[in-house]
Amino acid sequence: MRSSFIESLHVRDFRQFDDLSVEFNSGFNFIAGPNGSGKTSILACVAHALTHHSLEHSRASDTSEVFIDVSHKGDLLRVGLGKGSFTGHGYRTSSTKLWAALPEAEGRKSVLSIETDKHAPDFSPLLLGAQRSLRYIQTQGMQREPLLVERRKQYRNNSVKHIFEESSSNVKQWLINRYFIVDKDWATTEKKNWQHFLSALPALAPFDSNFEFVRIKSDMEPVFSIYGRECYLEELSSGFKAVLTIVARIIEWAEGTGEGELAEIEKSVGSVLIDEIDVHLHPEWQFTLRDGMRQMFPNLQFIVTTHSPHVLASARAGEVIAMPASVRGKCSIAPQPHSYSGWTTDQILTEVMGVRSLENKQYELLVHQAFDCVEEKDSVGLKSIIGRLRSIAHPDDAIVKVLDVRLASIILTEND
C-alpha cells in the first residue's frame with residue numbers, strides 16, 4: 001500500500017519564524033516545548049501551505065514563503081506558496097497578491113496551493129484545532145453528505161480555519177448517518193469502518209472504563225456506556241467528548257477523501273494534524289492515548305502538539321519534536337532519536353517543555369528557611385518550619401525526611 005505523509009515544513013518570514021525547517025517522520029510526531037515557542041504556529045504554517053485562504057490569522061510580507069515537502073502515493077511533491085506571493089506587513093492585513101514559484105528541488109514536483117486540485121487532488125490532510133466542544137443539537141434524521149471532490153477541496157480550503165476556529169463538524173450527525181446506513185447493501189466501506197470503530201473504541205478510553213457505543217433509537221439520541229452506566233452523547237465528560245470528536249472527525253475525513261479501500265480506516269493513509277491533543281484528558285488517559293490512536297488508525301501520520309509530559313512519556317523513539325525556547329534566525333528541527341519513556345514527569349517538564357521551577361513558592365521559601373535554621377543550629381525554628389512543611393508537602397517528601405535527621409542531630413548536640 002502506498003503511503004502519504006508530510007516529510008517537512010519550510011517557512012521564511014512567516015508568522016514569528018525567520019527561517020524555519022521542521023522534519024517529520026511518517027508515524028507519530030509530538031511537538032512539545034516552552035510556551036510561545038511556536039508549536040501551534042507549525043500546524044498553522046502547514047495549513048497555510050495548503051490554501052491561500054484565511055491569511056487574516058497570520059502575518060506575512062513580500063519576502064515570505066511557506067511550503068511542505070510531501071511523499072504522496074509514490075510521488076514527491078512540494079506544496080505551498082513561494083517568495084513574492086504575499087503582501088501586507090501588519091496584523092491581519094496580509095493577503096495573496098500572486099502565485100510565485102516555489103524553490104526547485106531535484107526529483108520533486110512543485111505544486112502551488114491553488115493548483116492542488118489539478119496536480120494532486122487526493123492530497124488533503126486533516127487539521128483539528130484545540131476546540132472540541134459538543135453542544136446539544138437536536139437532529140431530525142440522516143442528511144446528505146458532500147461528494148468526494150467537494151470534501152477534498154473543503155478540507156484544504158478550510159485547513160487554517162480548522163486550526164483557529166470552532167469546527168462546524170457535527171459528530172452527532174455523523175453517528176446517526178453511520179448507524180442507519182451500515183446495514184445497507186451498498187454501504188460496505190461504512191460498515192467496515194463502523195465495526196472497527198466499535199471494536200477499537202474501548203482501547204482509546206482510560207483503564208477499566210469500558211467505554212462503548214450502545215444504540216440510537218427513534219429519538220435520534222446516541223447512547224454510550226461508561227463504567228457500566230448508560231449516558232447520552234452530551235452527558236459524557238469533557239475527556240470522552242474530546243476523544244470522540246477527534247475519532248469521529250478522522251473517520252469522517254477518511255471516508256470523505258479516500259477512494260476504494262483507502263476509505264477504510266484500517267487502510268487509510270494521509271496526515272492528521274491536531275493542536276493540543278491532550279486537552280480535557282485525565283493524566284492516566286494521556287498515557288494510553290497514543291497506543292489507542294494507533295490501534296484505531298494504523299497507517300496514518302499524526303503531527304500533534306501537546307503540553308503533557310504523560311503524552312511525551314508514551315511516545316516511541318523518534319516521535320518527539322522538542323522546540324527550542326527561541327526560534328529566531330535560521331533554525332532546523334527534527335524528531336529526537338530517543339524516547340522519554342524512562343524520564344520522570346519533572347525531567348520532561350524541565351528539559352523538554354522549558355518549565356523553570358516546579359516547586360511551590362511557599363514550599364521553596366520554607367525549605368530555604370529550614371536550611372538557614374540548620375546552619376544556625378536553631379532547633380526551635382527548624383521544628384516549627386518542618387511542621388509547616390508537613391502540612392503542604394507529600395507524605396514521603398525526601399527533603400522533609402532529611403530535615404528530620406538534621407533536627408534530631410541538632411537536638412542531640414544541644415543535650416550533650
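A residue is called buried when its relative accessible area is under 20%, exposed when over 50% and partly exposed in between, using a 1.4 Å probe and protein chains only. By that criterion, Cys373, at 9% relative accessibility, is buried. The structure is a predicted model, in which local features need pLDDT of at least 70 and side-chain atom pairs count only at pLDDT 80 or more, while totals for chains, interfaces and linings use all residues. Residues are numbered from 1 along each chain as its sequence is written, and side-chain values use heavy atoms, with hydrogens and water left out.

- Helices (H or I, at least four residues) and strands (E, at least two) are DSSP runs numbered from the N terminus.
- An open sheet of 6 strands has the order β8-β5-β4-β1-β2-β16, with mixed pairing; two strands pair if DSSP finds at least two bridges between them.
- Its edge strands, each pairing on one side only, are β8 (109–112) and β16 (330–333).
- Neighbouring strands of this sheet are turned by 20 degrees against each other on average, direction ignored; axes are lines fitted to C-alpha atoms, for helices over the stretch in contact, and angles run from 0 to 180 degrees between N-to-C directions.
- Strand β1 (residues 4–14) pairs with β4 in the antiparallel sense over 9 bridges, and Ile6 has Val70 in β4 as its bridge partner.
- Helix α1 (residues 39–50) lies across β1, β2 (17–23), β4 and β5 (75–81), and runs at about 100 degrees to β1.

**Ser64 in strand β4**

- Ser64 belongs to strand β4 (residues 60–72) and is buried, at 0% relative accessibility.
- A polar contact is a pair of N or O atoms within 3.5 Å; within protein, one must be able to donate a hydrogen and the other to accept it, and residues adjacent in sequence count only if both atoms are side-chain atoms.
- The Ser64 side chain reaches the backbone oxygen of Asp13 at 2.3 Å, and a polar atom of that side chain lies 2.8 Å from the backbone nitrogen of Ser61.
- Beyond its neighbours within four places in sequence, Ser64 is in contact (heavy atoms within 4.5 Å) with Arg12, Asp13, Phe14, Gly82, Lys83, Gly84 and Phe86.

**Nonpolar cores**

- A nonpolar core is a set of buried Ala, Val, Leu, Ile, Met, Phe, Trp, Tyr and Cys residues joined through side-chain atoms within 4.5 Å.
- The largest such core has 60 residues, of which Ile250, Met293, Phe297 and Phe302 touch the most other members.
- Helix α7 (residues 238–257) supplies the largest share of this core, 10 residues.
- Another core lies apart from it and has 38 residues, including Ala49, Ile68, Leu81 and Ile321.

**Helix α5**

- Helix α5 (residues 171–181) is largely enclosed by the rest of the structure, because 9 of its 11 residues are buried.
- The buried residues of α5 pack against α6 (188–204), β10 (212–216), β11 (222–226) and α7.

**Cysteines**

- With a disulfide defined as a pair of cysteine sulfur atoms within 2.5 Å, the count comes to 0.
- Cys45 is buried, with a relative accessible area of 0%; the closest cysteine sulfur, in Cys331, is 13 Å from its own, too far for a bond.

**Pro337**

- Pro337 lies in the loop between β16 and α10 (345–351) and is exposed, with a relative accessible area of 68%.
- Leaving aside neighbours within four places in sequence, Pro337 is in contact with Ala317 and Gly318.
- Pro337 and Val171 are 166 residues apart in sequence and 37 Å apart in space, C-alpha to C-alpha.
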